[in-house]
Amino acid sequence: SGIEAATVAWHPLNWEPVAFSEIEKFPSAVLKHHYPQTPNLGDMTKFKEWPDANINVLVGGTPCQSYSVAGLRKGLADPRGNLMLTYIAIAGRYRPEWVVWENVPGVLSSEGGRDFASFLGALTGRHVECPPGGWSNSGIVPGIESAYGVAWRVLDAQYFGVAQRRRRVFVVGHLGN
């Protein structure tokens, strides 16, 4: 969670976070310090126990270790990588108008691109396969009427005022295509 970058970025819009989902002790303390009125619901795998809420934008960056080229590359076979599917289940429960998800570019090649295809397919309600030659650094997949239409792009923080090279895949989806 760190400083909760999405919330910081959206301060000028006067948007307020509904809740956070963080299990690590130090990031949880940072969140409590900066957002004392916002509940930390903890373990995202327990989302069925979370309270009902009206959520307009669901923002998540599930753990990247299982997709990182510096890691073991277990993808969805790793419990941390499988949290990508939990994120989709949370979107299914709360049905926000918008979803925003980020991860490392290694997710595009994990399991030959099939893990990212599974993620896009679950969000869009379509059968999605990795294109020949792999995923490009940007693209779109239209969703069926009851699912999300999505677009993704690889962005590097160094071009957005951050003093480090930090490439990430951002997926943005809108309910109803």
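Biologist: In this predicted model, which residue of E5 does Trp98 stand opposite?

Modeller: The pairing to look at is that of E2 with strand E5 (residues 167-175), which run in the antiparallel sense and are joined over six bridges. Within E5, the residue that stands opposite Trp98 is His174.

Biologist: What is the geometry of the aromatic pair of Phe116 and Trp152, and how many residues apart are they?

Modeller: The structure holds eight aromatic pairs, and in the one formed by Phe116 and Trp152 the centres are 5.4 Å apart with 80° between the planes. Since planes over 60 degrees apart count as edge-to-face, the pair of Phe116 and Trp152 is edge-to-face. This pair links distant parts of the chain, with Phe116 in helix H4 (residues 114-124) and Trp152 in strand E4 (residues 148-156), and the separation is 36 residues.

Biologist: Are Phe116 and Trp152 buried or exposed, and which aromatic cluster do they belong to?

Modeller: Buried means under 20% relative accessible area, and Phe116, with a value of 0%, is therefore buried. Trp152 has a relative accessibility of 6%, so Trp152 counts as buried too. Both belong to one aromatic cluster, formed by Tyr87, Trp101, Phe116, Phe119, Trp135 and Trp152.

Biologist: Why do the buried residues of H2 line one face of the helix, and what arc do they fall within?

Modeller: In helix H2 (residues 25-34) the buried residues are Pro27, Ser28, Val30 and Leu31. They line one face because, seen down the axis of H2, they fall within a limited arc. On the other side of H2, the residues Lys25, Phe26, Lys32 and His33 are exposed. The arc that holds the buried residues is 160°.

Biologist: Where is Asn14 found, and what is its relative accessible area?

Modeller: Asn14 is not a glycine, although its phi is positive, at about 60°. The residue is found in the loop between helix H1 (5-9) and H2. Asn14 is exposed, and its relative accessible area is 66%.

Biologist: What is the phi of Arg95, and what is its relative accessible area?

Modeller: Arg95, in the loop between helix H3 (83-94) and strand E2 (98-103), is a residue other than glycine with a positive phi, near 50°. Arg95 is partly exposed, and its relative accessible area is 38%.

Methods: Residues are numbered from 1 along each chain as its sequence is written. This is a predicted model: local features need pLDDT of at least 70, side-chain atom pairs count only at pLDDT 80 or more; totals for chains, interfaces and linings use all residues. Side-chain values use heavy atoms; hydrogens and water are left out. Rings of Phe, Tyr and Trp (its six-membered ring) pair if their centres lie within 6.5 Å; planes under 30 degrees apart count as stacked, over 60 as edge-to-face and the rest as tilted. Helices (H or I, at least four residues) and strands (E, at least two) are DSSP runs, numbered from the N terminus. Buried means under 20% relative accessible area, exposed over 50%, partly exposed in between (1.4 Å probe, protein chains only). The arc is that of the directions from the helix axis to the C-beta atoms. Two strands pair if DSSP finds at least two bridges between them.
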